[in-house]
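Hi,

Here is the structure I promised to pass on.

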Amino acid sequence: MLETAVQDRAAKLKREKAAQGRIASIDALRGFDMLWISGGDELIHSLHSAHPTPFTAALSTQFEHVAWAGFHFYDLIFPLFVFVVGLVLPFSLTRRLEEGCDRRQLYLHAVRRLGILLLFGLLYNGLLDFNFHQLRLSGVLQRIAIAYFCATLLTMNLKLRGQVIATAAILVIYWAIMALVPVPGFGAGGYTPQGSLAAYIDQRFLPRPFCCYTFGDNEGLISMFPAVATCMMGVLAGHWLRSDRSPNRKATGLALAGVASLAVALLWNLDFPIIKNIWSSSFVLFAGGWSLLLLALLYWVIDVGGYQRWALFFIVIGANSIAVYLAHRFFDFRILGDIFIHGLFPYMGAWRPFIRDAAGIAVSWCLFMYLYRRRIFLRI
């Protein structure tokens, strides 16, 4: 009996040690997400242009945002990244807290990271053009910054149960505000582009220009609130992965949580529609459900099954995600790709845009593979 107890304790310690190590599927998931931001979407569109079929038409449609209510694959890309931002917090922040790190230093690091991301977001939007009356203040990196900072504060100051309650409360409170607070001229509970509370608040308090609909900003003011819940869903998934449960049970738990999240989202959609532009509570749960399912699949294949080599393509991109995002904003990698394929242009026909996009992605990947091999990462 004593021997069995020792063996059980040893197995538990082994699982705990494995849980503390780097999980390759997290970088792969982040890289999978970044691929579609950094040229993968254009590759799909150019594929349809070169070879139009019902299948490529449907695929190309999935790489466009829905105009308002509904959901395409491309609507998952941004919330998936916010989810992954939260996913890594238990592996960095919580671990440091458990090791007794100075909380003041952790707060200062969070503030510093918030400031740098906000600055990067403004640079991305054209800060250095010095055309300030046309400078968009909100954006992708700004939303990531605020969601990360708020999730950090919640993770540092609440136990796991409190984090679950806070995440649920954010979604319910946001729904209640959107449903009950009347909008002048439209009343309460309006979820149209022009009649939603989110649009009204943006028009009153957020300087133009807006993106990406006429009446408000899709990274507007009040919709920052539920984006924190998206990040917290990642935090909760990270706690689960970091636990001492068996790898198979972790994968199963993530998958079941994903299915449950999708089910609740579809039910909530009947009252509070799935709308990315206002980051509705049902949208948070629907995107979060797919994020959990993707994480479960990659974790099961890469970390549980040990099939990691194929994932290197995504890991290289995911390990330097902020650098990838900024690089593709300021430089068109197809220009470098043309150096290698321009002699073949006369023979490409309708496939020329597709091949150019593929060459640009290949050149970009080689650059970040070089940085990956040299362990050069943009850390903030």
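Predicted model: local features only at pLDDT ≥ 70, side-chain atom pairs only at ≥ 80, totals over all residues.

Residues are numbered from 1 along each chain as its sequence is written, and side-chain values use heavy atoms, with hydrogens and water left out.

Helix 10 covers residues 224-242 (helices are DSSP runs of H or I, at least four residues, numbered from the N terminus). Its 19 residues reach 27 Å from first C-alpha to last, close to the 27 Å expected (1.5 Å times one less than the number of residues). Because 16 of those 19 residues are buried, helix 10 is largely enclosed by the rest of the structure (buried is under 20% relative accessible area, exposed over 50%, partly exposed in between, with a 1.4 Å probe and protein chains only).

Ser281 sits in helix 12, residues 281-304, and is buried at 0% relative accessible area. A polar atom of the Ser281 side chain lies 2.7 Å from the backbone oxygen of Leu171. Beyond neighbours within four places in sequence, Ser281 is in contact with Leu171, Tyr174, Trp175, Trp268 and Phe272 (heavy atoms within 4.5 Å).

Then there's Phe340 in helix 15, which counts as exposed at 65% relative accessibility.

Cheers

Technical notes: Helix = DSSP H or I, 4+ residues; strand = E, 2+ residues; numbered from the N terminus. Polar contact = N/O pair within 3.5 Å; in protein donor to acceptor, adjacent residues only side chain to side chain.
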